[in-house]
Every structure is written in C-alpha cells, then in structure tokens.
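Here are my notes on the model, point by point. Have the structure open while you read, and start with the helices.

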There are 2 protein chains.
Amino acid sequence: MNTLTEENYLKALFNLAGENGETNVNDLSRHLGIKMPTVTSMMKRLAEKKLVHYESYKPIRLTEKGKKEAGLIVRKHRLTEMYLVEKMGFGWEEVHDIAEQIEHIQSPVFFDKMDQLLGFPKLDPHGAVIPDKNGKLAWIAYLRLSDCRPGDTVRLCAVVHGASDFLRFLNNRGIRLGLRIKIKSVETFDASMVLAYENRTETLGATACERLLVEKIK
Amino acid sequence: MNTLTEENYLKALFNLAGENGETNVNDLSRHLGIKMPTVTSMMKRLAEKKLVHYESYKPIRLTEKGKKEAGLIVRKHRLTEMYLVEKMGFGWEEVHDIAEQIEHIQSPVFFDKMDQLLGFPKLDPHGAVIPDKNGKLAWIAYLRLSDCRPGDTVRLCAVVHGASDFLRFLNNRGIRLGLRIKIKSVETFDASMVLAYENRTETLGATACERLLVEKIK
DNA sequence: CTACAAAGTTAGATGACTCTAACAAAATAA
DNA sequence: TTATTTTGTTAGAGTCATCTAACTTTGTAG
C-alpha cells in the first residue's frame, strides 16, 4: 500500500500529465507546493515501487501500475464530489476540499456504496469523467468556449480547474453545466466574449472562457 | 492543529478514561498497539500542548482542552457511524472501520451537514451517546445485562466494544437495539443466561451478557 | 522487608517527509 | 558558441512517529 503522501504525488502526476503523459519535477513541485529536492527524492521512491518511469533530468511518466492506482484515487475523489452534491446538498464550489480528504479513505465498500446510491455516474459535478473501477479514464474531447466564434451556440459540459472562487464567479452569473449559450461577439483586444443565455447577456474574460468546456449545438 | 496520530491518542485517552478520568501508559500502549516508550514520549508532547496532565510514573488525565478536542473527534466518529447506517444502508457491524478514518476529516460543514440530514441524533447505531458540539458527553447509566436476574424484563439500549465479530454474533441471533428481552434463568457455573425475546429462546455466554447494556422495564 | 514482577522511562536508532544551501545539467538568448 | 536562466540533483539537517535494549520506579507476594 502507498502512504497518503505517495497518493498525493500519484494524483498530481495523473492530473498534470498532458497528451504525451509526461510531467517534470518543476511542475510537480509547484502544483504540490513542495520544493524540488523533495520531489526528486519522492520520484526515486515511486520508481523503486514501479509506479513511475524516472531517470535523472528526464520527463516523468506514470507506469501502467501507477496510472491505475492514480486513476482509482481520482475515481474516489470524483465519486465523492458527486455524492456530496447529489446526496448531501453541497454546492459544486464546496466539494473539492472535502473530497481531497475523503479520496484517501481505504474502504472499497464505502465507495461502491456511493457509486450504487448515485446510480453509477459517469461524470462528476464539474463535468469531469469518473475513472472506471480499473482506474481507466475515458477521454471526451470538448471544445474550449474560447475557441468558439460569434454566432456559435454551445452547451456547457465541464469546467476545468474547478477552484471554488471560479465556481462562485460562475454561480453569481447563473452559469451551470448543461446551460445553452450563444456567443454574441468576441472583443478583439482582450478576447473577452459577450454571451447570451437564459434571457441575459454577460461578458466573460478570456481566462474564464478558456476554463469552460463546451460542445456545439447545430 | 493536531496531527492524525495525536488525534488517535486523544481519542484513546477519552475512551479509556474510567470514572475517575484516569488512564496509564500500559493501557494506552495495548489499546493503540504501540509500544510503551512511544506512548511515553507522546504523552510529553501532549502535555506540552496542554492536552493532558502528565507526570512521570503518574496516571494520565486529559485536560479540559484535551477532553474537548477528544470529544469532538468522538462526535465525528459517532455521527459518521450513524450516517453510514441511516443514510447509506450499512449494517451496524460494518461502520466502525470506515468511521475510524472519516473522523479525521477536517471540515466542520461536512459534519454539520450529516448532523442536519440525520435530524441531530443523540445516539449512534450502537447506542453510544454522541458528544455535543462542544465535545461534551452526556452520560447515561445503563445496567449490564449480566447484572440482571432471572425474571427481569429489559430493553437493549446499547452494546459496548462494538467489534464487528460481536455485532455479527448478535445479528445471527436477531439481537438489536430496542429489543425487549426476558431473562429466563442464569447458569450458576458460568453465568451464561437463557433469554427469551420475540418468540425465541437463546443462551448467551457471560462475555456477551457483559457487553449488552439494558434498562429494566417494570 | 526483601525480592520479584509489572509498569514506566531513557537512550539511541530508523524510516518517511520535509527543508535549505550548494552544485550540475539543460535550455535559451545574445 | 558562450553566457545566462531555468531546471534538476546532492548533501546535510530537522521533525514526527515508531522501534529495541537497557535501566528505574512502583507495587506486591512471600
């Protein structure tokens, strides 16, 4: 079994891995708020345990084993977020920090029960895919709202980096998953977008638009 | 804030404290499965933090501060057990180990929500009192079944040391909280009791009878 | 009252996880 | 291609939580 700390490194590796599945010490260090030398030594430990491929000065990749274990932690995290929202009445902006702790609970029956009570959900409250019981993550290729054009009509499917301040920002503007949004215009100088939805019009900055994942409605 | 380990020591001190509120290094050591020297050094740490009264070779007592913090952990444990049984459908024999982990979650809103969804319960699924939001535990003076006599009729109110094997033993005999039990007879040689309840008759050994807390029905 | 047993403490070591300071390699810019 | 910046590693130290071995204090049984 892995320590709580090792689990956090695994999850970070899982979340930071881009398309090529690679990360580096520096990103890991900043993402975890842990100094680089500490990360280096942990990478050696995880390599010993066959959880990562690691060679000095090279990019880091999870092994299949590591990917599975990380995926299962992410599964527990997202299942928990879903449970907190659906069964306990929390808002989507409140659940991250709680799930961050509950994801480390060692009890298969506990998470199986959540899964069952939720009806085996595929997505968490932020639209992220919940890995399956083997830790496998099904990828869905959404568009970023910032990549759409004036005139497009889209449906909001997910938010990336669901930090609570961003989610409260969305709450304040009545923006939630499933919302149908029409792009009225895009400012050329700062890429902010004027959006129409539910009889209202709002302007969103580029940063916000990059974090909203959508699909086009024909 | 206290570490996870410190929390476990506090809880052990809380649970082991008898009427006089005292414990000793040896009991703590055995209860936690940790060697005595380790316990001694932790007592020094907790004393530094004003959580226990500790002097070499003397019995150990929680301070008021320690008692409060310990009570709040026990509160989280028992609320969780209640939630797992009432809202998630677990059996009373399944919940201890899960609650043992969830009790360390740092999130007041999470436990407040449980409390509210449960309707502010006073007792956990094993009949133990849930400490209030100040960590204060209301004592209820039950009788042990083993202290009753043939002819007495009692109601089962709580079980002590609710280990899962004991609880499964009770499940197998249809024994649960609230059950009305009549004592038919007591064997003199081993103190086992013949009990009648719900149209059945069962013989329970002395160990089991000591762990069943009851109140007399006139 | 002595001797033995039980309980408790001290000393010293280990592993996990973290840090800072100093050095080395790789990437980038001039 | 050399100099500079960024990234990464080594070395050494500290804290937390644990252990074993050796010693001390307290309690108890003859």
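1. Let's begin in chain B, where H2(B) passes H3(B) in a right-handed crossing. Keep in mind that this is a predicted model. The axes of helix H2 (residues 25-32) of chain B and H3(B) come within 9 Å, crossing at roughly 115°. Angles of 65 to 115 degrees count as roughly perpendicular, so that is the label for H2(B) and H3(B).

2. Which residues make that contact? On the H2(B) side they are B:Val25, B:Asn26, B:Leu28 and B:Ser29, and they meet B:Met36, B:Val39 and B:Thr40 in H3(B). Sorted by class, the contact of H2(B) with H3(B) has 4 nonpolar and 3 polar residues, with no charged ones.

3. Now over to chain A, for another helix pair. Helix H4 (residues 64-86) and helix H5 (residues 95-102) of chain A have axes that come within 9 Å and cross at roughly 130°. H4(A) and H5(A) are therefore oblique to each other, and their crossing is right-handed.

4. If you want to look at the side chains here, H4(A) brings A:His77, A:Thr80, A:Glu81, A:Leu84 and A:Val85, which meet A:Val95, A:His96, A:Ile98, A:Ala99 and A:Ile102 in H5(A). The class count for the contact of H4(A) with H5(A) is 6 nonpolar, 3 polar and 1 charged.

5. On to the DNA. How many residues surround DNA strand D? There are 18, and the closest are A:Asn24, A:Asn26, A:Pro37, B:Thr3 and B:Thr5. By class, the surface near DNA strand D has 8 nonpolar, 8 polar and 2 charged residues.

6. H3(B) gives the largest share, 4 residues.

7. The same surface serves both copies, as 92% of the contact residues of chain A recur in chain B.

Methods
Residues numbered from 1 in each chain as written. Chains lettered and ligands numbered in written order. Predicted model: local features only at pLDDT ≥ 70, side-chain atom pairs only at ≥ 80, totals over all residues. Axes fitted to C-alpha atoms, helices over the stretch in contact; angles between N-to-C directions. Helix = DSSP H or I, 4+ residues; strand = E, 2+ residues; numbered from the N terminus. Parallel < 35°, antiparallel > 145°, perpendicular 65-115°, else oblique. Left-handed = near helix turned anticlockwise from the far one by under 90°. Contact = placed C-beta atoms within 7 Å. Nonpolar A, V, L, I, M, F, W, Y, C, P; charged D, E, K, R; others polar. Near = placed C-beta within 6 Å.
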